[in-house]
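Please keep the structure open while reading.

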Amino acid sequence: MTTAATYARFGAREAHGLSPAYERLALAVSQDGELLALLEALPPAKRQPNLLFAVVRLLGGPVEDPAAFHAYTLANWPAIEAELRARSTQTNEAGRCAVLLPVLAALPQPLALLEVGASAGLCLYPDRYAYRYGEHLLGGGEPVLDCVATGMAPPTRRPEVVWRAGLDLNPLDVTDPADVAWLDALIWPEHTHRRTRLRAAAAVAAADPPLLVRGDLVDDLPALAAQAPAGATLVVFHTSVLYLVPESRRAAFAEVVRALPGHWIANEAPDVLRYDALPAPPTEVHHNVLALDGRPLAWTRGHGQAITWFG
Ligand SMILES: C[S@@+](CC[C@H](N)C(=O)[O-])C[C@H]1O[C@@H](n2cnc3c(N)ncnc32)[C@H](O)[C@@H]1O
């Protein structure tokens with residue numbers, strides 16, 4: 001896909017209905033020869049709309065007005081290019097715990113959680129967050145993760161977690177304000193509720209930081225899994241990670257994870273992790289598939305805001 005087509009698709013498929021500012025911006029960039037030429041001089045992974053827009057936000061540039069964005073980006077390209085080359089999209093969305101919870105709560109307790117592609121590890125605290133599935137509240141304190149659950153009874157308990165660890169090529173540190181600033185810049189402009197949630201989840205994680213290991217989800221998973229305590233159910237999980245991993249490595253990962261004891265929870269896009277038969281998704285907007293041990297169970301919205309059970 002050309003860079004222009006990538007931006008047009010991002011605007012129409014991903015930002016549409018969720019972020020008017022990014023929808024506008026992505027469409028403008030898709031037709032902006034000067035910006036496209038600068039982006040095309042970068043490696044493909046560094047041309048992504050989400051990465052460019054987050055870097056401009058991090059540097060204090062404008063993302064609401066495409067003309068102002070164009071002027072700022074051209075004037076500040078050396079600084080922007082340096083950040084694009086140094087960073088990657090590591091959005092860490094605690095809200096995704098709301099779609100993991102129904103599966104986690106149903107497994108034999110207690111759990112030893114191991115998240116691959118953990119970013120700052122905010123999805124490693126499903127036992128500490130509060131949840132609201134429609135009228136049904138679970139737990140107390142902040143953040144409260146709102147989720148519309150369809151085709152299922154809401155979970156009635158949170159899991160008991162006795163060990164939590166994350167693996168990431170570049171773990172972020174929730175106690176480092178610069179890392180939290182990057183996580184904040186990755187949140188789309190209008191999503192103030194997600195910004196509030198990030199701060200609340202970061203406070204939960206900072207109070208009891210997880211074990212985060214720098215490493216690859218294929219090569220380094222068995223060694224980290226071996227550190228999980230006996231007497232707990234090992235759960236290896238990942239959400240919105242495998243789209244960043246080449247296809248051959250996804251297959252290698254599936255082989256490694258299947259060879260481990262315990263359970264495997266995947267929450268990934270259906271074109272990234274494929275299943276033999278899936279029902280139609282509830283709507284046309286982007287959905288992930290939640291699966292346990294390779295068996296698809298539910299459609300989930302990208303930030304954990306809805307789950308539609310079919311398993
Ligand atoms: C989009 S973030 C998602 C973070 C988190 N799972 C969540 O849902 O909030 C994807 C993360 O996967 C990590 N990642 C990508 N490829 C990886 C690999 N081969 N091994 C380990 N981590 C990887 C990235 O560094 C990034 O932090």
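## Nonpolar cores

The model is predicted. Its largest nonpolar core has 67 residues. Those with the most contacts inside that core are Leu52, Phe53, Phe69, Tyr129, Tyr131 and Ile265. Helix α7, residues 97-106, gives the most to this core, with 7 residues.

Neighbours within four places in sequence are left aside here. Phe69 is then in contact with Leu25, Val29, Leu35, Leu52, Phe53, Val56, Pro62 and Val63.

## The sheet

An open sheet is formed by 11 strands. Their order is β3-β2-β4-β11-β10-β9-β8-β7-β1-β5-β6. The pairing is mixed. Strands β3 (136-138) and β6 (211-214) are the edges, and each pairs on one side only. From one strand to the next, the twist averages 20 degrees.

Within the sheet, β7 (residues 233-239) and β8 (residues 263-268) pair in the parallel sense. The pairing runs over 5 bridges. Threonine 239 stands opposite asparagine 267 in β8.

## Helix α7 across the strands

Which strands does α7 lie across? They are β1 (111-116), β2 (130-133), β3, β4 (144-150), β7, β8, β9 (287-292), β10 (295-301) and β11 (306-309). The helix runs at about 90 degrees to β2.

## The buried side of α2

Helix α2 spans residues 20-30. Its Ala21, Tyr22, Leu25, Ala26, Val29 and Ser30 are buried. They cover an arc of only 155 degrees around the axis, so they sit on the same side of α2.

What do these buried residues pack against? Their partners are α1 (3-15), α3 (33-40), α4 (49-58), α5 (66-75) and α8 (177-186).

## Aromatic pairs

The structure holds 9 aromatic pairs. In one, tyrosine 7 and phenylalanine 53 have ring centres 6.0 Å apart. Their planes are at 70 degrees, so the pair is edge-to-face. Tyrosine 7 lies in helix α1 and phenylalanine 53 in helix α4, so the pair ties together parts that are 46 residues apart in sequence.

Are tyrosine 7 and phenylalanine 53 buried or exposed? Tyrosine 7 is buried, and so is phenylalanine 53. Ring pairs also build a cluster, linking Tyr7, Phe10, Tyr22, Phe53, Phe69 and Trp188.

How values were computed
Residues numbered from 1 in each chain as written. Predicted model: local features only at pLDDT ≥ 70, side-chain atom pairs only at ≥ 80, totals over all residues. Heavy atoms only, no water. Core = buried A, V, L, I, M, F, W, Y, C linked by side-chain atoms within 4.5 Å. Buried < 20%, exposed > 50% of the residue type's maximum accessible area, 1.4 Å probe, protein only. Helix = DSSP H or I, 4+ residues; strand = E, 2+ residues; numbered from the N terminus. Contact = heavy atoms within 4.5 Å. Pairing = 2+ DSSP bridges. Axes fitted to C-alpha atoms, helices over the stretch in contact; angles between N-to-C directions. Arc of directions from axis to C-beta. Phe/Tyr/Trp six-rings, centres within 6.5 Å; stacked < 30°, edge-to-face > 60°.
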